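Me: Hi! Could you walk me through this one while I have it open?

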Amino acid sequence: MALDAKALKIAAGQAALEHVEDGMKLGIGTGSTAEEFIRLLGVRVGEGLKVVGVPTSERTAALCRQLSIPLTDLDETPRLDLTIDGADEIGPELALIKGGGGALLREKIVASASRRMIVIADESKHVATLGRFPLPVEVVPFGLRATLLAIEKTAERLGLSLTHEMRLADGKPFVTDGGHFILDASFGRIPEPRALAQALNGIPGVVETGLFTGLASLAILAGGDGIRTIDA
Ligand SMILES: O=C(CO)[C@H](O)[C@H](O)COP(=O)(O)O
């Protein structure tokens with residue numbers, strides 16, 4: 001029987017939960033797939049599992065509080081055992097596009113502070129080449145036009161085609177938890193994610209990009225035929 005989108009998210013979350021051990025310090029992701037994992041984690045915590053989590057967004061923090069999942073932050077707990085988070089695309093070597101939910105900066109800080117990152121998604125997000133999903137680029141509001149020009153020049157220098165739009169919410173610029181804006185940058189194809197990430201991160205008005213390279217160690221993909229895992 002074909003599973004609907006929500007059932008696939010739950011299946012991926014359930015499989016990820018098997019990697020969570022008593023006493024772990026967790027990074028807790030953002031997005032609808034991460035939220036299914038969080039709900040399952042909440043049940044286990046209610047049954048006595050002892051974990052503490054660093055949420056990657058205010059939205060995730062609110063859900064964790066609602067489910068009585070104990071929270072900490074990276075000032076108190078700077079090294080984490082495991083981060084579990086969703087993704088918008090999963091490419092070769094588990095390079096990811098993240099940030100569809102706008103939490104990419106905190107997600108990257110938390111994943112980088114973790115010994116391991118497991119990415120959970122439905123199998124349609126596994127792609128041969130990243131870039132069909134627009135790359136979220138978090139930018140500082142100050143000097144926005146100059147930053148956009150620098151991003152366009154960078155794409156040109158790397159031989160990438162680029163169209164972009166500012167992310168809006170209720171007709172106004174979407175504002176991240178860190179007080180920044182998000183540019184959704186469509187490159188079509190990103191054959192070399194590391195090179196693009198490095199180049200974009202070199203632009204002063206760019207805070208961070210949704211390209212995650214070298215961070216995820218395992219992908220858990222849910223599909224009609226069950227769960228498939230991919231190691232980095
Ligand atoms: O990066 C993210 C939020 O910033 C999410 O993990 C990503 O957008 C996937 O979300 P969903 O599970 O809802 O498809």
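Me: Which hand does the crossing of H2 and H3 have?
Reply: H2 passes H3 in a right-handed crossing; a crossing is right-handed if the near helix is turned clockwise from the far one by less than a right angle, and left-handed if anticlockwise. Helices here are DSSP runs (H or I, at least four residues), numbered from the N terminus. Do keep in mind that this is a predicted model: local features need pLDDT of at least 70, side-chain atom pairs count only at pLDDT 80 or more, and totals for chains, interfaces and linings use all residues. Residues are numbered from 1 along each chain as its sequence is written.

Me: Thanks! At what angle do the axes of H2 and H3 cross?
Reply: Roughly 20 degrees, and the axes of H2 and H3 (residues 58–66) come within 10 Å. Axes are lines fitted to C-alpha atoms, for helices over the stretch in contact, with angles from 0 to 180 degrees between N-to-C directions. That makes H2 roughly parallel to H3 (angles under 35 degrees count as roughly parallel, over 145 as roughly antiparallel, 65 to 115 as roughly perpendicular and the rest as oblique).

Me: And which residues meet there, H2 to H3?
Reply: Ala34, Glu35 and Ile38 in H2 meet Thr60, Leu63 and Cys64 in H3, where contact means C-beta atoms, placed from the backbone, within 7 Å. The residues of this contact divide into four nonpolar, one polar and one charged. Ala, Val, Leu, Ile, Met, Phe, Trp, Tyr, Cys and Pro count as nonpolar, Asp, Glu, Lys and Arg as charged, and the others, Gly among them, as polar.

Me: How do the axes of H1 and H2 cross?
Reply: The axes of H1 (residues 5–17) and H2 come within 8 Å and cross at roughly 50 degrees. That makes H1 oblique to H2. H1 passes H2 in a right-handed crossing. By class, the contact of H1 with H2 has seven nonpolar, four polar and three charged residues.

Me: Switching to the ligand: how many residues surround it?
Reply: 18 residues, and the closest are Gly31, Thr33, Gly86, Gly100 and Gly101. A residue counts as near if its C-beta atom, placed from the backbone, lies within 6 Å of the molecule. The largest share of the shell, three residues, comes from H2. The shell divides into four nonpolar, ten polar and four charged residues.

Me: Last topic: how is the chain divided into domains?
Reply: Domain 1 covers 5–126 + 214–224 and domain 2 covers 135–204, with bounds from an automatic or database domain assignment. Twelve residues of domain 1 are in contact with nine residues of domain 2. On the domain 1 side, H4 gives the most, with three residues.

Methods:
Helices (H or I, at least four residues) and strands (E, at least two) are DSSP runs, numbered from the N terminus. Two residues are in contact if their C-beta atoms, placed from the backbone, lie within 7 Å.
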